[in-house]
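Hi,

Here is the structure I said I would pass on. Have a look at it first, and my notes on what turned up follow below.

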Amino acid sequence: MGVDLRQVVAGILTVTMFVMLGNMIKREHFDSAEKKLPGVREDTTYDSSEHVITVTRKNAVGPWKEDDEELKRCWSNPNLEASDDSKGFITFSLTNGPEYHVSQVADAVVAARHLGATLVLPDIRGSEVGDKRSFGDIYDVHKFIRSLNGVVKIARQQPSDLPETLAVVKVPNRVTRDHVIKDVEPIFKKRGSIRLATYFPSVNMRGPTQKSETDSIACLAMFSALELRPEVQEVVDSIVERLRALSRKSDGQFLAVDIRVEMLSKKSCQTGRSCYGAREIAEFLQKVGFDKDTTIYLTQSRWDNSLNALKDIFPKTYTKEGIVPADKKAKFLGSENSEFEKVIDYYICAQSDVFVPAISGLFYANVAGKRIASGKTQILVPTNIKDSSAPPTEFISSYVAKKNHLAYSCFC
């Protein structure tokens, strides 16, 4: 019996269609399974038996680099535990944002340790009149007290028998034991309790030439005492996750730029201070090799037209108002929530794959310290932008290139 050629062809086509359908179903199954794993990308493998996610960064375009190993602390807690008999109390406030908070806490702990004083848990005061929050609104109270156990005693609230107005004693940032003994102790002994206020004569975050017990106490206070309360940390984590999801073409890597329009117009930025506008930052990022699809987070609170020069070249540029989860905006954004906004900026800049400070100052210095400790040393400073011959390595922060940041004396 003869074979109908049309039937043969139809049979081959049918088999082919079934094979293609099978492959599509298989692909769809694995794609949907991957989407169920938050933060997992196309170049990511997931071992369900050991719950391990492995990321292979192979498609990123730009001067990205892997993080260094996280450093281990090389300070030792003071040998002597704090005395059970307090000699008085020290009160203080956290002001001006998290980059100041870490220094204010360190100075208060150093002073309380040397004076044998009990440290009263600080409040947090914003720039607006009446903007006052409890420490626990932003930071983890239990972690703070636990980290300083055996170093200083902590009182959760100011004792009721303390006068409402205490003698205010000002100390310079990174206060020394000698300064405490000479300028603070006489007032403390006379008054019994004092209110401490840190002032910043300069932004000096370079490591000490000689180590002392004070340095160990300061390291502990700066790098171990302050952690965000879980609710605030979750907001930061959700923003970071969103930024990574927007960065598929750079393997989930994103860049954070500290740029605040209101700062650029101030006198300090007009008279020699290292400050860079949106256009200069855009040219710098192009120069060092970042692709136009790079995802960029800006610390500027609200979008300003002057930032268009950056967005025109890097369309995936965002401020927090466009990236914070909708259900969190009422609580964490807005002029009445400026302290939350500062905290979000600080911790996102500390976690980004690359950090670019468009403005020099304490924010840059203390973010750099936090990044160095966690191994995120890709900090690019836009100096010598016009020098077309300068390689990308020329722009690595001197804190990292020279390893002269205080963090390098605190961590090994």
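Start with the open four-stranded sheet, which runs in the order S13-S12-S11-S14 with parallel pairing. The model is a predicted one, where local features need pLDDT of at least 70 and side-chain atom pairs count only at pLDDT 80 or more, while totals for chains, interfaces and linings use all residues. Residues are numbered from 1 along each chain as its sequence is written, and side-chain values use heavy atoms, with hydrogens and water left out. Helices (H or I, at least four residues) and strands (E, at least two) are DSSP runs numbered from the N terminus, and two strands pair if DSSP finds at least two bridges between them.

Strand S13 (317-318) and strand S14 (354-357) are the edges, each pairing on one side only. S13 is joined in the parallel sense to strand S12 (residues 295-298) over two bridges; isoleucine 296 has threonine 317 in S13 as its bridge partner. Helix H9 (residues 278-288) packs on this sheet and touches strand S11 (254-258), S12 and S14, its direction making about 140 degrees with that of S14. H13 also packs on the sheet, touching S11 and S14, and its direction makes about 165 degrees with that of S14. Contact here means heavy atoms within 4.5 Å; axes are lines fitted to C-alpha atoms, for helices over the stretch in contact, and angles run from 0 to 180 degrees between N-to-C directions.

Now the helix pairs. The axes of H12 (residues 338-351) and H13 (residues 362-374) come within 9 Å and cross at roughly 45 degrees. That makes H12 oblique to H13 (under 35 degrees is roughly parallel, over 145 roughly antiparallel, 65 to 115 roughly perpendicular, the rest oblique). On the H12 side, the residues that meet H13 include Asp345, Tyr346 and Tyr347; Phe363 and Arg371 are among their counterparts in H13.

H12 also packs with helix H2 (residues 98-115), at an angle of about 85 degrees and with the axes 9 Å apart, so H2 is roughly perpendicular to H12. Pro98, Glu99, His101 and Val102 of H2 make this contact with Glu339, Lys342, Val343 and Tyr346 of H12.

Isoleucine 194 sits in strand S10 (residues 194-199), and its C-alpha is 6.1 Å from that of valine 168, 26 residues apart along the chain.

Cheers
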